[in-house]
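Welcome! Have the sequence and the 3D view ready, and work through the exercises below one step at a time.

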Amino acid sequence: MNKRLFGTDGLRGQVNIFPMTAEIALRLGLAAGYYFRNGKQRHKVIIGKDTRLSGYVFEYALTSGLCAMGMDVFQVGPMPTPAVSFLTRNMRADIGIVISASHNPFMDNGIKFFDSQGYKLPDDVEDEISAMVMSGDSNWDYPQSEKVGRAFKIEDARGRYIVYLKYSFPQDMTLKGIKMVLDSANGATYSLGHMFEELGAEVVRIGNKPDGLNINDKCGSLYPEVMGRRVVEEHADIGLALDGDGDRLIVVDEKGQVLDGDLIMALCAADLMERGKLAKNMLVATVMSNMALENFMKERGGTMLRTPVGDRYVVEAMRREGAVLGGEQSGHLIFREYSTTGDGLLAALQLLRIICTKNRPLSELSGLLALYPQKLQNVHVQRKIPFDEVPAVRDALKQVEHELAGKGRVLLRYSGTESVARVMVEAEDSAKVELYTSGLAKVLEENLR
């Protein structure tokens with residue numbers, strides 16, 4: 001019973017298989033309700049979800065546990081993860097909860113928490129809540145009968161979020177003359193495309209017809225080539241692809257070329273430096289970001305601080321260092337002037353502001369980085385043993401690093417949400433990247449299964 005519930009980004013897994021069961025969700029609601037109770041006042045929780053069919057199961061299981069502990073629950077329905085973060089702050093709630101498995105397929109789901117300030121919970125808080133859930137104890141400290149909570153539905157949550165987003169965009173600027181393709185991944189942002197139309201853009205929408213089963217299904221940020229083809233067909237100026245819970249953004253220029261999170265961060269960092277608004281001239285990214293981004297910052301007198309994978313680790317470093325811009329290669333982009341977590345729609349508005357200000361095509365603006373060849377390969381594993389405790393893995397890693405001689409990088413890490421080890425290699429020579437990646441993957445397969 002000592003298995004840790006939380007991974008890199010909350011709980012996540014296949015529906016009706018531990019930990020994503022109704023029973024665990026109910027106990028999680030009870031544990032979170034108990035943990036965040038503080039005083040005699042009424043307590044408030046915001047719960048949002050993406051468009052997965054199973055969202056109903058976990059929404060009501062969590063609500064039951066939270067209400068039983070005396071928390072009032074405000075259900076906002078399908079809403080992006082960053083919207084729940086915003087609403088938690090805006091409505092002065094004690095916690096916010098998002099039911100989503102982000103970019104995963106519909107058969108998976110997840111649960112993640114925000115504190116009252118809209119930040120994801122630190123590891124030690126997650127561990128305390130996890131211990132309560134997994135203890136098996138049923139002697140909860142329930143409140144008196146008249147103090148149980150109520151559940152409410154908030155009907156205008158989308159409108160509140162859109163108004164908040166639009167305030168991050170210059171009031172004297174419009175998107176008139178911009179034609180875009182918006183891919184909502186059949187997820188939580190499916191009904192928010194009209195925000196860009198309100199600002200004057202012509203919007204071609206795809207991935208905006210969720211049926212509970214088609215979230216992230218060959219659409220969204222994992223499949224930008226789908227959007228890229230449509231951008232070229234429509235003669236659009238830009239394509240914006242979000243993931244299932246709306247906290248990632250991948251972009252396509254007018255020629256159909258993909259811009260990942262590293263390229264978007266370079267554009268935004270350069271803009272902020274030009275305007276003297278990049279605090280400490282610092283960008284925060286993860287160990288997965290390309291070396292070219294790090295060199296880009298150095299060449300301009302700035303620095304890039306690397307963190308472990310996970311946008312919450314990026315945010316923690318940004319808060320600690322006073323940085324205002326950070327993100328991940330995967331498309332999590334954090335603009336701390338406006339938000340406390342990754343926000344795909346907010347990032348899109350910041351990028352569109354740059355395009356409108358420069359009045360140049362995105363393909364011209366984006367030629368800031370010559371990315372090093374990089375490859376990421378997943379290896380399914382049965383055991384997550386520290387790599388330095390497996391001699392064959394340790395020796396293979398040292399050999400590759402020796403041969404790269406400082407002209408590339410190797411990263412081995414375990415997924416926080418799956419039984420997967422990830423091998424990432426980048427170097428100036430693409431042939432070496434392929435060779436080293438496949439070689440290390442083979443060593444992991446042979447020693448961790």
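**Exercise 1.** Find the bridge partner of Met-180 in S9.

*Solution.* The partner of Met-180 is Ile-238. Strands here are DSSP runs of E with at least two residues, numbered from the N terminus, and two strands pair if DSSP finds at least two bridges between them. This is a predicted model, where local features need pLDDT of at least 70, side-chain atom pairs count only at pLDDT 80 or more, and totals for chains, interfaces and linings use all residues. Residues are numbered from 1 along each chain as its sequence is written, and side-chain values use heavy atoms, leaving out hydrogens and water.

**Exercise 2.** Work out how S9 pairs with S10.

*Solution.* Strand S10 (residues 249-253) pairs with S9 in the antiparallel sense, over 5 bridges. Within this pair, Ala-241 stands opposite Ile-250.

**Exercise 3.** Decide why S9 counts as largely enclosed by the rest of the structure.

*Solution.* Start with the directions: Ile-238, Leu-240 and Leu-242 point one way from S9, while Gly-239 and Ala-241 point the other way. Next, check burial (under 20% relative accessible area, with a 1.4 Å probe and protein chains only). 5 of the 5 residues of S9 (residues 238-242) are buried, so the strand is largely enclosed by the rest of the structure.

How values were computed:
Buried means under 20% relative accessible area, exposed over 50%, partly exposed in between (1.4 Å probe, protein chains only). Helices (H or I, at least four residues) and strands (E, at least two) are DSSP runs, numbered from the N terminus.
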